[in-house]
Amino acid sequence: MGKLLVKGNDAIVRGAILAGCRVYFGYPITPASEIAETAAKYLPKVGGTFLQAESEIASINMVYGAASGGVRVMTASSSPGISLKQEGVSYAAGAELPCVIVDVMRGGPGLGNIAPEQSDYNQIVKGGGHGNYKCPVLAPYSAQEMSDFIQLAFDLAEKYRTPVYVLTDGYIGQMMEPVEFGEPKTDFPRFDWALYGDAESKQNLISSIYLEPDELEEHNRKLQRKYAEIEANEVRFEDFMLEDAEIVLMGYGIVSRVLKTVVEKLREEGVKAGLLRPKTLFPFPKKKIAELAQRVKKFLVVEMSNGQMVDDVRLAVNGKCPVEFYGRMGGNVPTMKEVLEHSKKLMEA
Amino acid sequence: MAEKVLKKPRSFYDIYERNPSADKKMPHYCPGCGHGNVHKFIAEALDDFDVADRTIFISPVGCSVFAYYYFDTGNIQAAHGRAPAVATGIKRAHPHSIVISYQGDGDLAAIGTAEILHAANRGENITVFFINNAIYGMTGGQMAPTTIVGQKTTTTPYGRRPQNEGYPVKIAELISQLEAPVYVERVALFDNKHRAKARMAVRKAIKNQVDNLGFSLVEVLSPCPSGWKMDPVDAMHWIEEEMVKVFPLGVYKDITKEVEPYHIEEFKPEAEEIKELLDLKTESKSFARSTVPEKYKNPEIKIAGFGGQGVLLLGAALAQAGMLQDYHVSWLPSYGPEMRGGTANCHVNIREIEIGSPVVANPSILIALNRPSLEKFEPDVQSGGLIIYDSSLIDIEPSRKDVEILAIPSTKMADELGNTRIANMVVLGAIAGYTNFFDLKTLFETLNTAIKRKNLIEINRKAVETGYQFGKEHRVK
Ligand code: SF4
């Protein structure tokens, strides 16, 4: 297949269908509606189901229902909508149901605005709903990665029996770039835990209830072992000019695109800069950060938030070198120029 | 279950292994509770229609949260109020399954009001059993949405007062007002005659789903001796004497004779067909790059004008052409704060190496199609850059002396070609002709993708060609 010039929001839907997703439940919200609209266009064509639910809460519970049936199912929303979905995600994590949730972040708190922010980091990466759970979080930075990561998200969801998030922003969703789509997946395993509406699967129970404290503790320990396994196996990041870097820039999503240009400019000016771009926010590239912290002068974390990921960077750096933060909020994307100026100042200091 | 179960329906487990209590033969419900009756009616119906194997039972939150201890079917436990949404999800995933959503009054008629209303309104082919006992049993006897006026509960210690708590919610009446549901009945469990009626209603509601007729709901007025602080016999009387007055029994809707059964056709396209259906069947075409003067290489382009001038399409066409020549390209429409003020703009990068930020704050090429855009963005243009503007619409000239300027009367040229709307394609040609970035062959191929209406391709080609000649003639020597 040749390359196609498509929007990130389109790439994510067609990528999902190629990955075998045939069921989508969603609710309109700017700036994620385009994903629902694209799903509504393509899913019926391939024998799938698109359903606009009555609420965010209903849609995540429909996802819970379909996921119980062992099929690849997804939903997408934007920050306030994700807040509403958190109950359902907690249930899905507790019942160990694979499903994929896309969050196209917008400005908050409250209604905030519809411009891009990255202020959902904490609610997505740290669990978000009640209980001791986490979900793998993939952070695409291009239309190509929107397509690639949604497919990876389904694979991880099934491999670890967990909800998986794709965390993105309006810029990555709206941007058109060339995308090379993969091949359609057409063979799907039958899971021994799922319900297929037949005699072989009817002994299965999908539930997050463990009445006895010891049992619930054991269930939680099992979940934590799963998260440890995910941390051991699934860390993904991009290393851009880190080899001899003295200052490490860190950011994800649209910010990391800006940072790439900043690194290029800094290098042109003789500053040894590099970019560490997490592709997975959970699991977080802690080891790589710890290793860099031993030898670099500084970290500069740039986010479109009040500084959420920077906490995780600080934990991983563990005091070995200064970790600076530069943030914009409200829907403002840090410009290449302002980050460049800021980085230069830091290196002079 | 208060009554003695002589012969257990097959659709119940023989031994309730999932029940953590020592006695694995007895259900967890209080003596005199109505849940046991309804469970039994359901299990018997599943036996009779021989559908237990393909049944998926959704347990709610409330006293029946552990219904999955008993039913030898597929089981899902759902969050409070969400059972109809969960039922929708699994039914849509496996349409041949028989999905039963079982809910109490707090679950269905308070926290889950939206879910039940909309599942019913969509006519989901599921069966809903609604156990109305006018109280929150599991949490210890608080007011339910169906608590009757004057009824004392732990949260209405002086009795339910309409001034404060409103009136009991009448679900059978509400749901039967919707168009999609095929069968809605309210039954009660206070004597043998009414229990027999309830049993028939349960059967019918399940049969409707087996026959693919659509959404059925049975509301059951059911005793909760513990919540009501009554003995089981008094509880029966209370239903008969008090509840039935507020919640009249009967069939509220039955259109099962009139509706056509659902017909679900499974369609599972093969890989090649999927690609076709997703519009992914494209051959990869590649065109040779032109020799581009150094100053025009790796352009960072901003295109701005009024909405309706084809600004976004012009940008997309540039990106598309770049892609055809194997450049890295990005296209970003104005978004967020930039959208203020009615002007549309987009950012296009065409680059030999990977593109970092897709945002073009300081364009090397500015294409301004109206005056506000020229005024707004002219100062941002890189020194040594290029400004292209529609001189037939913009009555001022750029004042910058450190940039190249190409004034093109594109709207006028488009009018002369017979269609104002192709002015953007005149500009596309002009940029290519002026900078030598793209040849006409590449641009024509671009039009095949960019122009959705095939009968318009010819005139757009003309526009591109005319613009190209103009650009070429105005190249700086
Ligand atoms: S509290 Fe009421 S509804 Fe719950 S089990 Fe006891 S009698 Fe039944």
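User: Where does A:Thr49 lie?
Analyst: A:Thr49 lies in strand β3 of chain A, residues 49–52. Strands (E, at least two residues) and helices (H or I, at least four) are DSSP runs, numbered from the N terminus. This is a predicted model: local features need pLDDT of at least 70, side-chain atom pairs count only at pLDDT 80 or more, and totals for chains, interfaces and linings use all residues. Residues are numbered from 1 along each chain as its sequence is written, chains are lettered from A and ligands numbered from 1 in the order written, and side-chain values use heavy atoms, with hydrogens and water left out.

User: Is A:Thr49 buried or exposed?
Analyst: A:Thr49 is buried, with a relative accessible area of 18%. Buried means under 20%, exposed over 50%, and partly exposed in between (1.4 Å probe, protein chains only).

User: And what is A:Thr49 in contact with?
Analyst: Leaving aside neighbours within four places in sequence, A:Thr49 contacts A:Arg22, A:Val23, A:Tyr24, A:Leu43 and B:Arg92. Contact means heavy atoms within 4.5 Å.

User: New topic. How many residues does the largest nonpolar core have?
Analyst: The largest nonpolar core has 156 residues. Such a core is a set of buried Ala, Val, Leu, Ile, Met, Phe, Trp, Tyr and Cys residues joined through side-chain atoms within 4.5 Å. Those with the most contacts inside the largest core are A:Met250, A:Leu281, A:Phe299, A:Val313 and B:Ile58.

User: Which helix gives the largest share of this core?
Analyst: Helix α6 of chain A, residues 143–160, with ten residues. There is also a second, separate core of 53 residues, which includes B:Leu314 and B:Met323.

User: At what angle do α1(A) and α6(A) pack?
Analyst: Helix α1 of chain A (residues 8–18) packs against α6(A) at about 35°, with the axes 7 Å apart. Axes are lines fitted to C-alpha atoms, for helices over the stretch in contact, and angles run from 0 to 180 degrees between N-to-C directions.

User: How do the residues of that contact divide?
Analyst: The contact of α1(A) with α6(A) has eight nonpolar, five polar and no charged residues. Ala, Val, Leu, Ile, Met, Phe, Trp, Tyr, Cys and Pro count as nonpolar, Asp, Glu, Lys and Arg as charged, and the others, Gly among them, as polar.

User: Which residues are around the ligand?
Analyst: Among them are B:Cys30, B:Cys33, B:His35, B:Cys63 and B:Cys224. A residue is near the molecule if one of its heavy atoms lies within 4 Å of it. By class, the shell has six nonpolar, four polar and no charged residues.
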